[in-house]
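Colleague: Please take a close look at one part of the model shown below and describe how its pieces are connected.

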Amino acid sequence: MYLNIGGDMAVRDRSILGIFDLDNTSSAKDTRAFLAQAEQEGRVITPAEDLPKAFVLTREYGMDRVYLTQFNSATLEKRLEEKE
C-alpha cells in the first residue's frame, strides 16, 4: 500500500521508518544536524507547496530519504492506521 503525503507524492507504507512533526523535533540539535546532512546529500524531497509541517523518513533499496510534507504527523499516522 501507499501513503499519500501530499504534493502528488506517495511512499510505500512498508518503507516508512518514522513520521516526525517538524515543530517538535526540529528543536533538537541532533534532528537539525540529521536534516542538514540529508539536505547536503540530496536525500530530502521537498514539495513545491505550503510550508512543511512534518517529515517522513523512509528506507527503500538501502537508501534513506526524507520527504517534507504539508500534512501534520497526526494526519499521516491516521491515514496509515486506516489502511491497516
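In strand 5, which residue is the bridge partner of Gly-18?

Modeller: The bridge partner of Gly-18 in strand 5 is Leu-57. This is a predicted model, in which local features need pLDDT of at least 70 and side-chain atom pairs count only at pLDDT 80 or more, while totals for chains, interfaces and linings use all residues. Residues are numbered from 1 along each chain as its sequence is written, and side-chain values use heavy atoms, with hydrogens and water left out.

Strand 3 and strand 5 run antiparallel and are joined by 5 bridges (strands are DSSP E runs of at least two residues, numbered from the N terminus; two of them pair if DSSP finds at least two bridges between them). On strand 6 (residues 63-69), strand 5 has another antiparallel partner, with 7 bridges between them, and here Val-56 is bridged to Tyr-67. The hairpin of strand 5 and strand 6 has 2 residues between the strands, and Tyr-61 in this hairpin takes a positive phi near 55 degrees.

Because Phe-20 belongs to strand 3 (residues 16-21) and Phe-55 to strand 5 (residues 54-60), the pair ties together parts that are 35 residues apart in sequence.

Phe-55 is buried, at 3% relative accessibility, whereas Phe-20 is partly exposed, at 30% relative accessible area (buried is under 20%, exposed over 50%, partly exposed in between, with a 1.4 Å probe and protein chains only). Strand 5 itself is mostly covered, with 5 of its 7 residues buried.

Notes
Helices (H or I, at least four residues) and strands (E, at least two) are DSSP runs, numbered from the N terminus.
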